[in-house]
Structure formats: structure tokens, C-alpha cells
Amino acid sequence: MDADRRDPTHPPSRAPGRAARLAVPAGVLAAVAAAFAYVGAVDPNEPGHYPACPLLSLTGLYCPGCGGLRSAHAVVHGDLPAALQANALAVVAYLGFALLWAVWVVRAARGRPPRLDPGPAHLWSLGALLLVFTVVRNLPFGGWLHP
């Protein structure tokens, strides 16, 4: 087929509009907001609302996520000291998510693809941070990190 003659049944492809590019980030934000709203409404400090951590139940050791729901509940209610006491690493993760989401929205609005390409050093560092946090919060001097 000549380049000058186009098939009328296949119109030329157009780049998606701004609203279409922002649909997925908006959907992710809606899902995260709904999850935080649920945790804010259903208090994880009340027994029986959420399942217990299997690692804590079986071994008595706190995993990196222990206290995360209580931390999210405190964040929803604006109690940052309680959120940090429940799980300081989770609060940092919430801030990290907010930052990455904002970058994603700006890139999507400008028509650029989201780009998150952590190298092996970043992933190993994140794993080491989680491991150190887990070990320290389970040692006697890490009691201030207990949920």
C-alpha cells in the first residue's frame, strides 16, 4: 500500500489525551485512598478486625510490616507520633509512595512514560534496610521500634 493512500477502516493512531494518561495514576490513588479510608474507619487496635501477623503468632518476632495497619490508622487520624511508634518504616514508605506517585502523575501529564528502574544496588540496599529494621526491632535495645 502506498504511504499516500491510507486504509479508511484504520484511522491513524493518535497519542492518548491527558485524561487517558492520568486514568491509571488516578485509579491507583483511588485504591490507596480507599484502603486508607477503610483502615481509618476500622480500627486495627481493636482485636478481631484484621488477621494477626503469622510470623509474630508463630515465633513472637516482629516482621517489617508489624504495626503497619496501626501506623496507617494513626496517619489517617493525623497522629504522626503514634504512626511512627507503630511502624516508623511504614511511615517512610507512605511518604515514598506519595513522592513516586507525584512523579508518576507529572510524567503522565507531560506524556512521558513512567520510569522506575532501580538497579541492583538500590534493591540490595532496600533489602538490607528491611533486614536491619527487622533485626533491630527484635533486639532488647530496639524496643522503641516495637508496635
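Is Tyr-50 buried, partly exposed or exposed? Tyr-50 is partly exposed, with a relative accessible area of 21%. Buried means under 20% relative accessible area, exposed means over 50%, and partly exposed lies in between (1.4 Å probe, protein chains only).

## About the model

This is a predicted model: local features need pLDDT of at least 70, side-chain atom pairs count only at pLDDT 80 or more, and totals for chains, interfaces and linings use all residues. Residues are numbered from 1 along each chain as its sequence is written, and side-chain values use heavy atoms, with hydrogens and water left out.

Helices are DSSP runs (H or I, at least four residues), numbered from the N terminus.

## Aromatic pairs

A search of the whole structure finds two aromatic pairs. Phe-36 and Tyr-94 form an edge-to-face pair, 5.2 Å centre to centre, with 80 degrees between the planes. Rings of Phe, Tyr and Trp (its six-membered ring) pair if their centres lie within 6.5 Å; planes over 60 degrees apart count as edge-to-face, under 30 as stacked and the rest as tilted. The Phe-36 and Tyr-94 pair links distant parts of the chain. Phe-36 sits in helix α2 (residues 23–41) and Tyr-94 in helix α5 (residues 80–109), 58 residues apart. Phe-36 is partly exposed, at 24% relative accessible area. Tyr-94 is partly exposed too, at 23%.

Tyr-38 and Tyr-50 also pair edge-to-face. Their centres are 6.2 Å apart, and their planes make 85 degrees. Tyr-38 is partly exposed, with 47% relative accessibility.

## Where α2 meets α4

Two packed helices are described by the angle between their axes and the distance between the axes. For α2 and helix α4 (residues 68–76), the angle is about 90 degrees and the axes are 8 Å apart. Axes are lines fitted to C-alpha atoms, for helices over the stretch in contact, and angles run from 0 to 180 degrees between N-to-C directions. The two helices, α2 and α4, are therefore roughly perpendicular to each other. Angles of 65 to 115 degrees count as roughly perpendicular, under 35 as roughly parallel, over 145 as roughly antiparallel and the rest as oblique.

Which residues of α2 and α4 meet? Phe-36, Val-39 and Gly-40 in α2 meet Leu-69, Ala-72, His-73 and Val-76 in α4. Contact means heavy atoms within 4.5 Å. This contact of α2 with α4 has five nonpolar, two polar and no charged residues. Ala, Val, Leu, Ile, Met, Phe, Trp, Tyr, Cys and Pro count as nonpolar, Asp, Glu, Lys and Arg as charged, and the others, Gly among them, as polar.

In α4, the residues Gly-68, Ser-71, Ala-72, His-73 and Ala-74 are buried. Their cover includes α2 and α5.

After α4 comes Gly-78, whose phi is positive, near 75 degrees. His-77 lies in the loop between α4 and α5. His-77 is exposed, with a relative accessible area of 52%. His-77 and Gly-40 are 37 residues apart in sequence, but 7.0 Å apart in space, C-alpha to C-alpha.

## Where α5 meets α6

The axes of α5 and helix α6 (residues 120–137) come within 11 Å and cross at roughly 165 degrees. The helices α5 and α6 are therefore roughly antiparallel to each other.

From α5, the contact is made by Ala-86, Asn-87 and Leu-89; from α6, by Leu-129, Leu-130, Phe-133 and Arg-137. By class, the contact of α5 with α6 has five nonpolar, one polar and one charged residues.
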